[in-house]
Amino acid sequence: MPASLLEEFAFALLALLAIAGAFGTIYAKRVAHSMLYLIFCFLAVAGVFLLTGAELLAAIQILVYLGSVLLVVLFGVMLTRRQIQEEDFE
Amino acid sequence: MAEGDWLDIRGWVEALSFAIADNTVGMSRFWRQKGTTADILTELIMAVVVFGLIMTTMLVLLWIERKFFARIMDRRGATMAMRSLWVGEGGEHVDWYGLLPFGTGAPFRWLNRWLNKVAGSDHEVESVARVRDRSYHGIWWMLPGFFQNIADAVKFLTKEWMVPTKADKFVFEVAPFIIISSTIMLFAFIPLGPHVWSANPDLSLLFLMAIFGIAPLGVFFAGWSSNNKYTLIGGIRSAAQLTAYEIPLLVTVLAVAVLSGSMNIIEIVEFQMDMDGWNLFLLPLGAALFLITMIAEVERIPFDMPEAEAELVEGWWTEYGGLRWGLLFMAEYLRAYAACLLFAIFFLGGWEPFGGNLVAQYTAFIPGIAWLLIKSWLMFAVFVWVRASLHRVRTDQILEFGWRWLLPLSLVNLGIAVWLRLWVWQGEVWSPLVPGIITAIAVALFVLLAIDEDPESLEGRERPYSVHVKAGPAGPGTHKK
C-alpha cells in the first residue's frame, strides 16, 4: 500500500534526523551548537510520536522538552567558564 | 451556529478536489488512491487559502499599528493621511459623489461636509492650517497608508544580505528559519471560521501552544550567533522572560480548556456559542492573564525586553538585515496576529456575532470569519493602546511579576474554571446570572484596584515589585547614595 510506504518513508526520514541530531549533540564543539542539534533531535522524536498516533505525547514532547532545552542552553552558556562572546568562531 | 454559516470554503474546496481527483487519479490505474489524493489536495488548498487570508488581512494590522498609534501619540505625518480622504489633496477633494446618479451621493456629501466641519483643514493659525493641508499625495480612493507595506517589502527585497564576519554562520542562518517557520505553522491550527481552517486535530489547542513556544529558541540562537553583546543580551532576556510567562500562559489556556471541556479550538468556540456565554464574562481574570502573558509571548511593549531599542540597539535582531529582517518583522506581527485571534477565539466567542443568539438570525448574511477578524483587529487595537500607554518593564520586574502574581492568579483562575464546570454548569445554557455576577465582581475589583492606584496614596510606600532591587526613581545625584 503506498500510504504505508509514505509512512515508512517519513519514519525513515525522522529516524535519520533524530540519530543525526543525537550525534550532533554529542560531537558539537560548542554548547549552543549541541543544543541546536538537540532541538532537531527532539522535534524528530515528536514527529515519530505523531506517526505512531500518539498526538498528546508529541505535543507534550515539544511543549516540555523544547522549553527546557532553552533553559539548559542558557545555563550552559552562562555557567561554563568559556568566554561568552567568542573572539573568533573559526 | 456552525452549520448556519454560508461561507463553506472547506466544503467547496473538498468538492473541488474530489472532482479533480475523480477526473485524474480516478481515471488512471491508481484509482484506489482517489480518496487519499482528494484529501491531500484539500489540505494543500486549505493551507494556501488560510495562509493567503492571514497574509492579506495582516495589512490591516500594520495599518492599525501606524494610524492608531500615531493618533494616540499625536504624530503628524501618519495622522494626516487619513484626513486627506475628506479634506482632499491641497484642500481640493474630488467631487465623486456628485457623479452618482439620482442624487444617491447626497449622504456622502453630507458626511463629507460634516467631517470637514469637525476635522477639516481650517485653522485660525495659518501654519497649522498649512500643515493640516499637507496630505496624502495620490489617489483618493486608495486607503491612505495602507499600501505602505508593499513599498516596505520592495525595500527589504532590494537590500543587501550581510553576515557579520565573526558571527556563527550556521546558527545565524538557521535561527530565522526556526522563528519564521514555527510562526507560520501556528496558523495551521487557528480556525478562522467554522469552515475555514486548515488542520483540526483533537488536540489543536495543545499543538498550538507547543508551537508558540518554539520561536523564543530561535530568538535566543539568533542573539547568540550574531556575536554581538547587544544581541546576546537580547537573546538571554528572551529566555529569561520565557521562564516568567510561559507557565501562567499555559495554565490560563488550560482553564479555558477545562471550562469548555475540550482541547479542540473549534469545540471551545462552539461551547461558547451553544452555552450563550463568552469566556470573557465567565473567566474575566483568565482574560486579563491571557492578555498580559500573550503580550509577553509576542514580545510587544511593555514586555519587549529582548528588543529594547532604547537600551540594546535593536535587541536580538540587530545584525539581521535585508529580506531576513523583513521576514522576522513579519513573523513578529504574525505572532501578534495569532495572539489577537486566540484572544478572540478563547474569550470573545470566536466567530459568534456581537450580541450572540439575540442577533444571530439577523446577521446570518455576515460570515463568521468577518466577526472573528473584526474582533481580532479590535484586540490588536488594544495591543497598540497598551504599547502607547505603558513603559518597558525590567527583567527582574517581569520575573517577579510572573512568579509572584501571574502564576498564583492563574492557579486561582484554574480553580474558578473547575468550579464553574463541575458545580455551576448544569449541562445546559448558562443562566444569565452566572456571567452577570462574575462580571460584576470583576468590574468591582477593577474599580477598587484603580482607586487604590491613586498616586497620592502610594506616596511613601514601597513599590510592589522592588523586593530584590531597592532602586528608587533615577534622578540627579541618585548614584551617590
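Tutor: A residue is buried if 20 or more other C-beta atoms lie within 10 Å of its own, exposed if 12 or fewer, and partly exposed in between, with C-beta atoms placed from the backbone. Helices (H or I, at least four residues) and strands (E, at least two) are DSSP runs, numbered from the N terminus. The model is predicted: local features need pLDDT of at least 70, side-chain atom pairs count only at pLDDT 80 or more, and totals for chains, interfaces and linings use all residues. Residues are numbered from 1 along each chain as its sequence is written, while chains are lettered from A and ligands numbered from 1 in the order in which they are written.

Student: Which residues of helix α11 of chain B are buried, and within what arc do they fall?

Tutor: Helix α11 of chain B covers residues 265-274. Its buried residues are B:I265, B:I268, B:V269, B:Q272 and B:M273. The arc is that of the directions from the helix axis to the C-beta atoms. Seen down the axis of α11(B), the buried residues line one face, because they fall within an arc of 135°.

Student: What includes the cover over the buried residues of α11(B)?

Tutor: Two residues are in contact if their C-beta atoms, placed from the backbone, lie within 7 Å. The cover over the buried residues of α11(B) includes α7 (169-189), α8 (204-212), α10 (229-260), α12 (279-282) and α14 of chain B.

Student: At roughly what angle do α14 and α16 of chain B cross?

Tutor: Axes are lines fitted to C-alpha atoms, for helices over the stretch in contact, and angles run from 0 to 180 degrees between N-to-C directions. The axes of α14 (residues 322-347) and α16 (residues 368-389) of chain B come within 8 Å. They cross at roughly 115°.

Student: How many nonpolar residues does the contact of α14(B) with α16(B) have?

Tutor: Ala, Val, Leu, Ile, Met, Phe, Trp, Tyr, Cys and Pro count as nonpolar, Asp, Glu, Lys and Arg as charged, and the others, Gly among them, as polar. The contact has one polar and one charged residue. Its nonpolar residues number 10.

Student: Which helix supplies the largest share of the side of chain A that touches chain B?

Tutor: The contact takes 23 residues from chain A and 28 residues from chain B. On the chain A side, α1 (2-27), α2 (31-51) and α3 (55-79) each supply at least two residues. The largest share, 12 residues, comes from α3(A).

Student: How many helices does chain B have?

Tutor: Of the 481 residues of chain B, 39% count as buried. Chain B has zero strands, and its helices number 18.
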